[in-house]
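Hello,

Here is the structure we talked about handing over. Please look through it first, then read the notes below.

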Amino acid sequence: MAEDLVLDTAIRDWVLIPLSVVMVLIGVLRYFVSKLMRSSQLPDAKALKEGQVIIRARNLKSGANFIPSKSFRARRVYFTNEENGLLHVPKEQAQNAQAQMFSDPNMAMDMMKKNLSMLIPQSLTFAWVNFFFSGFVAAKIPFPLTQRFRAMLQNGIDLSSVDVSYVSSRSW
């Protein structure tokens, strides 16, 4: 069995704490950037009305035991009538979610903005960690792991003699 490594306390102070603080700050920055990039669209009146109808139907279903059965049936017909019920959608008007997404270019643009606001800070963080903190054994996990975790936890350390429970700073 290999001898245990003694981790320097300066690594905790100069590697683990700065990495953790930077990751928290990047998370806060991502939140505010995504909030700024979010387009503020007014909700469509039709979509808002449909949502309210669905909530009313859900409330009717959950409170069915508290009203007389005749009243429940009348309200159920009001919502589900084939001719003019509030929840009935004619087949020619039904549109799947993907077709609706492609018909609105703003939705695709919002998704692209969100993906870029996550990708760019992640790439910059990886470059920063790789430049400043490469090659450190930063921490030890207090439980044993199998060899399959070596590539994930010891990225940047090319020693096969180091126990798997040690984590490199790049992986941290």
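**What was found**

Asp44 sits in the loop between H1 and helix H2 (45-62). Helices (H or I, at least four residues) and strands (E, at least two) are DSSP runs, numbered from the N terminus. This is a predicted model: local features need pLDDT of at least 70, side-chain atom pairs count only at pLDDT 80 or more, and totals for chains, interfaces and linings use all residues. Residues are numbered from 1 along each chain as its sequence is written, and side-chain values use heavy atoms, with hydrogens and water left out.

Back to Asp44. Its relative accessibility is 49%, so Asp44 counts as partly exposed (buried is under 20% relative accessible area, exposed over 50%, partly exposed in between; 1.4 Å probe, protein chains only). Asp44 and Val77 are 33 residues apart along the chain, and their C-alpha atoms are separated by 26 Å.

Asn81 lies in the loop between helix H3 (69-80) and helix H4 (97-103). Asn81 is partly exposed, at a relative accessible area of 25%. From Asn81 to Phe131 is 50 residues in sequence and 66 Å in space, C-alpha to C-alpha. Phe149 belongs to the loop between strand E1 (137-140) and helix H6 (150-153). Phe149 is partly exposed as well, at 33% relative accessibility.

Now the pocket. The second largest pocket has a volume of about 190 Å³. A pocket here is an open set of points on a 1 Å grid over the protein atoms alone, where a 1.4 Å probe fits, with protein on both sides within 12 Å along at least five of seven lines; lining residues have an atom within 4 Å of a point. A volume is the space filled by probe spheres set on the points, which are joined across faces, edges and corners. Its lining includes Leu19, Met23, Gln122, Phe126 and Trp172. Helix H1 (9-37) and helix H5 (105-132) each supply at least two lining residues. H5 gives the largest share, 4 residues.

Last, helix H1 again. Tyr31 is in helix H1. Tyr31 is partly exposed, with 45% relative accessible area.

Best wishes
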